[in-house]
Structures are given as C-alpha cells and as structure tokens.
Amino acid sequence: MTETNIILEAKGITKNFPGVLANDNVNFDLRQGEIHALLGENGAGKTTLMNIIYGLYRPDSGEMRVDGKPVIIHSAKDSIALGIGMVHQHFMLIPVFTVAENIMLGDETVKRGVLDRKGVAAKVAALSHQYGLDVDSLALVGQLPVGLQQRVEIVKTLYRDAHILILDEPTAVLTPQEADDLFRIMRELAGRGVSIIFITHKLKEVLAVADRITVMRGGHVVNTVTPAETDEPRLASMMVGRQVILTVEKGASEPKEKALEVKDFKVNSQRGLETVHGISFDVRGGEILGIAGVQGNGQTELVEALTGLRAPTGGAVHFDGQEVTGSMPRAMTEIGLAHIPEDRQRHGLVLSYTVADNMVLCDYYHPPFGVRGIIQQTALDENARRLIQAYDVRTPSPYVPVSKLSGGNQQKVIVARELSRPVKLVIANQPTRGLDVGSIEYIHSVIVKMRDNGAAVLLVSAELDEIMALSDR
Ligand SMILES: Nc1ncnc2c1ncn2[C@@H]1O[C@H](COP(=O)(O)OP(=O)(O)OP(=O)(O)O)[C@@H](O)[C@H]1O
Ligand SMILES: [Mg+2]
C-alpha cells in the first residue's frame, strides 16, 4: 500500500476533559475503500476521537489531514463539506417526518421558492437502488424498524456526498439479520470507494467485516492489526489489558419456589396494538429464564408491563405469592425487584444527577442512605466508591453528572445499582448492550452469583450467545 491512498489521517490528537485524558496523542489513519474497525473498552476514547474527526469537539492538540491536505474542522458543517458523514449511536431523525424530509433536513433544496420534494425523492431512490439500501423515501421514519432507520441515516450522509463514513456502534441495537444486512451494505459502499470507520464491541463482527482493526485503551492506540493476524482472545486481551474468559462458568441450577408467575398476560404497544398475546410462564428462585429473540416482538412491552412502566391489558402477575398486576415501579422495587431497563437514558438514569446519586436511586430513602428523612452522605459516598471499584466504572469522581460518562460506563452504573441490592427477582433487558468484553464477563458472573444466592432471574436479550451462556431454561 502506498501513502497516497490514505484518505484521512489524525496525528497526535490529544483531548482533555475535566479529570480525564480522553485522547492521548492518538494516531489514526483511514485508507480509501477500507472498513477500519475501532475497538476498545468502555471509556477508551473512541467516541471522543470520532467527535473530533466530525468536528463536534476541538482537540487540545494534534492535526488532521483529509486527502493529504491539512484541515481544521470547526464544526459538523466543515466535516460534511470535506465529505465526512457520521451515524451516531442514538439516531437524530425526526419520527413524524418522511424519509425524504429527514434526508433534506439542514440541506433543503429549493426550486422556485418551494421545497424540491420530487428531486430529493428521485435522488434518494437512486442512492437507495445503487447501494441496495431498499429505503422508501415516502415512509414515515417513526414507523420504520430500527434497522431501516439506520439506513436512512446512511442515505442521509451519502446524499451529502460523504465518502468517509463513521458508524459509532451501529450494530448495538440491530437484530443479527439486520446486522448482516448492514455488513453487506458496508462492503458494497467500500467496494465503491467509500471509506468506513466502524465502532463495535462485538469481536466476531470485527473479524468478519474489517480490513484493519485499531484497538484503543485508556485514551491510547494500543495497536492496529488485520483480521488474519489476530483472533477473539487476542483482541479481547488487547482491549482490556488482561486475559478475558469468553465463556461463562456456572454450575447446575437449583430451582426453588416460584418467585414470578405470569398468567394470560396481555400488553398493548404504544400505538395501541396488542403485542403480548396472553402469555404464561413462571420463574423460580435460583434459576435464570432466558427470553431470546428478535426485538420488536413484544419483549419491550412485556418487560415494561412487568416492572410497572406500562399498564397491562389483561392477565395476572404474582410475585412471591402476592398479586402485583399493574403495580407501580416503586412498589415493585419495594418488594424486591431489580430491573435493568432496555433504554438506559430514558428509564435507567437521571442524566443530570451525579454517579453517586444514580447509584442509590432505588433506596436513597432507606437506611443506611436515608435515616429519618435525612440523606446520609457518608453512606452514599461509601456505596459509590465500592460500586465504582467493583464494576470498574470509569469516571473522574463519584460526583460528576452521569451524562459525562461514556455510553458503556453509564450502563455499568445501572447494572451496579440494580445488582448490588438484596433482591428476590432480577429482570434484565439487554443488560450488557454496549459493554466491552471485560465488563460483560464480570456482569455475567454477578448474575450467576445472584442466581446461586436464590434470586429468580428473567433475562431478555437479543444476543444469542448471552442467552445460551446464562439461561437455565
Ligand atoms: N463531554 C464530556 N465531558 C466530560 N468527560 C467526557 C465527555 N465525553 C467523554 N468524556 C470522558 O472521556 C472518556 C472517553 O469517553 P468516550 O465516550 O470517548 O469513550 P468510548 O471509548 O466511546 O466508550 P464506550 O465504549 O463506553 O462508548 C470517558 O472517560 C468519558 O467519561
Ligand atoms: Mg462510545
């Protein structure tokens, strides 16, 4: 390979946040038409580096070249002009707009004073056809499945003539089928000369789709390798700096009495359609019941209705012999439920509160945290320090707003809080989404330990590996 096909080069990039050196003299380059995977443990600095390349953050020092020319990128507008497009982990689309309207947003084409909807629809259809994206420009975005919404984001970048594409954890919310479709599209794009940076925590995906792999840890680049010269265990240890056990160690379960009994349970979706059609099951203390399967088949509604976030439309739920159908979340917490919600930012955290406060959201009014209505700061501090250490939460201190943490570290705050309380039932929905292999290893071991101590566990996961490794039934 010659120097000339390097399309993007970041050299000596350094970025400090208060108390955190997020990027420390990072060198990264991207070749034309390659898929370059970026791996690294939670908080390693991946998103920060991408936000710098995309112009959302300014580096403290370092330089960038695009097509060999030095550039200074002040904003996303600058990076779009340079042909850089980014698909963020949380989509930025407007649900009530059509696909074409979303794509035009911020780049409206006007013909004689009116929006040129026809022209846009034609260009979108052409792009969609060219890359096999299969996107209908007249569909309402809010009614599309997640996988298609993501393609809309990709078309949006191509519409703006992006030839450098940044995908930050695009597969975290996709079904395996949708992920395979995305890989096909990525290869198609790369074949036509688009250069792609692909962030993920899934090592199998990296080995299957990447041309080169760069691993970051603690703000540094550890190494850049090709799939041919590495494998899963080696990537895992490069990421976290130690050996990771990729299989779960657990003994046979010893099921006890029924903790959760669900009968003829019916739940409607947000749009009023019945998505849970009268299901019945139970979970005993000391066992893990796994619910596998593709998202969008009622799992979200089922878990929300069991944990008090949504009212069921029929059936009954018993917890520890007591009827709890339609109880409020606090009531469920009080009788011994731990819940790891699917949407961490909406249901798991108060983003503006500190890490320490988020770690006691369920029991701040009980001893040792609340005594006669007064918050016991020392107990709160001790709790936070203990959990930060145990779960390896990367944060400059317990007192920063949890919104400042990387995505995976936000997830660890929820898991630490929920799994550190003495509970009888754990309902975990996608508990390890967005977590690095080291953290997944630890959290799996905690779930198994809770089971061994007699808790009933209902595990919902789109990760087949996770279901197979943890479930007793
Ligand atoms: N806006 C911010 N203010 C303060 N600190 C920040 C900010 N953004 C990121 N950080 C810190 O910088 C570090 C790197 O974060 P970054 O989001 O780049 O990690 P990441 O590698 O993307 O992790 P993940 O896999 O969890 O998404 C983290 O320790 C984080 O707390
Ligand atoms: Mg990130």
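Between domain 1 and domain 2, three salt bridges are counted, a salt bridge being a side-chain nitrogen of Lys or Arg within 4 Å of a carboxyl oxygen of Asp or Glu. The model is a predicted one, in which local features need pLDDT of at least 70 and side-chain atom pairs count only at pLDDT 80 or more, whereas totals for chains, interfaces and linings use all residues. Residues are numbered from 1 along each chain as its sequence is written, chains are lettered from A and ligands numbered from 1 in the order in which they are written, and side-chain values use heavy atoms, with hydrogens and water left out.

The domain assignment, which is automatic or taken from a database, divides the chain into domain 1 (3-240) and domain 2 (258-470). The C-alpha centres of domain 1 and domain 2 are 31 Å apart, and 21 residues of domain 1 and 20 residues of domain 2 take part in the contact, for which heavy atoms must lie within 4.5 Å. Together the two domains bury about 1400 Å², with 51% of this area on carbon and sulfur atoms; buried area is the accessible area (1.4 Å probe) that two parts lose on being put together, summed over both.

Across the interface of domain 1 and domain 2, nine residue pairs are in polar contact, with both residues at pLDDT 80 or more. Such a contact is a pair of N or O atoms within 3.5 Å; within protein, one must be able to donate a hydrogen and the other to accept it, and residues adjacent in sequence count only if both atoms are side-chain atoms. On the side of domain 1 that touches domain 2, the elements giving two or more residues are α7 (203-209) and α8 (232-240), where helices (H or I, at least four residues) and strands (E, at least two) are DSSP runs numbered from the N terminus. The most is given by α8, with three residues.

In the whole structure, 22 salt bridges are found. Arg394 forms one of these with Glu41, and their closest N and O atoms are 3.1 Å apart. Because Arg394 lies in the loop between α13 (377-390) and α14 (407-419) and Glu41 in the loop between β3 (35-40) and α1 (46-53), the pair ties together parts that are 353 residues apart in sequence.

Two details of the backbone concern loops. Pro367 and Pro368 are joined by a cis peptide bond, with omega at about 5°, and Pro368 lies in the loop between α12 (355-358) and β19 (370-371). Asp67, in the loop between β4 (61-66) and β5 (69-71), has a phi near 55°, which is a positive value in a residue other than glycine.
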